[in-house]
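Hello,

Here is the structure you will be working with. Please open it first and then read the notes below.

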Amino acid sequence: SQVRISNMTFYSYHCDTWKSISLVFIIDLPYFKAFDVILVVLARYTKMVHFIACTKTICSRETISFILR
């Protein structure tokens, strides 16, 4: 379904959108504001993606907290 607000279009997705995801770390990037890694979270069904800046020292607990935000 689609929701229009002024000139912007927002799409609302079923709550199952993020049930099946893929995670990829893009590492060894030049430092930018103390970050050198990008965590890519991809919803497999809709191909929606989130890019999260982080550091190489990220642990599994921190990764999960980023995803659940």
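A residue counts as exposed when its relative accessible area is over 50%, and as buried when that area is under 20%. Please keep in mind that this is a predicted model.

Start with Asp-28. Its relative accessibility is 54%, so Asp-28 is exposed. Asp-28 sits in the loop that runs between strand S3 (21-26) and strand S4 (37-43). Leaving out residues up to four places away in sequence, Asp-28 touches Asp-36 and Lys-56. Lys-56 is 28 residues from Asp-28 in sequence, yet their C-alpha atoms are 8.2 Å apart in space. The side chains of Asp-28 and Lys-56 are joined by a polar contact of 2.4 Å.

Next is Thr-63, which belongs to helix H1 (residues 60-68). Thr-63 has a relative accessible area of 8%, so Thr-63 is buried. A polar atom of the Thr-63 side chain lies 2.9 Å from the backbone oxygen of Cys-59. Not counting residues up to four places away in sequence, Thr-63 touches Leu-23, Phe-25, Leu-39 and Ile-58.

Two of these names come back in the core. The largest nonpolar core has 6 residues, namely Val-37, Leu-39, Val-41, Ile-52, Cys-54 and Ile-58. S4 and strand S5 (49-54) are the elements that give two or more residues to this core, and S4 provides the largest share, 3 residues. With neighbours within four places in sequence set aside, the contacts of Leu-39 include Ile-52 and Cys-54, as well as Thr-63 and Phe-66.

Regards

Note on methods:
Residues are numbered from 1 along each chain as its sequence is written. This is a predicted model: local features need pLDDT of at least 70, side-chain atom pairs count only at pLDDT 80 or more; totals for chains, interfaces and linings use all residues. Side-chain values use heavy atoms; hydrogens and water are left out. Helices (H or I, at least four residues) and strands (E, at least two) are DSSP runs, numbered from the N terminus. Buried means under 20% relative accessible area, exposed over 50%, partly exposed in between (1.4 Å probe, protein chains only). A polar contact is a pair of N or O atoms within 3.5 Å; within protein, one must be able to donate a hydrogen and the other to accept it, and residues adjacent in sequence count only if both atoms are side-chain atoms. Contact means heavy atoms within 4.5 Å. A nonpolar core is a set of buried Ala, Val, Leu, Ile, Met, Phe, Trp, Tyr and Cys residues joined through side-chain atoms within 4.5 Å.
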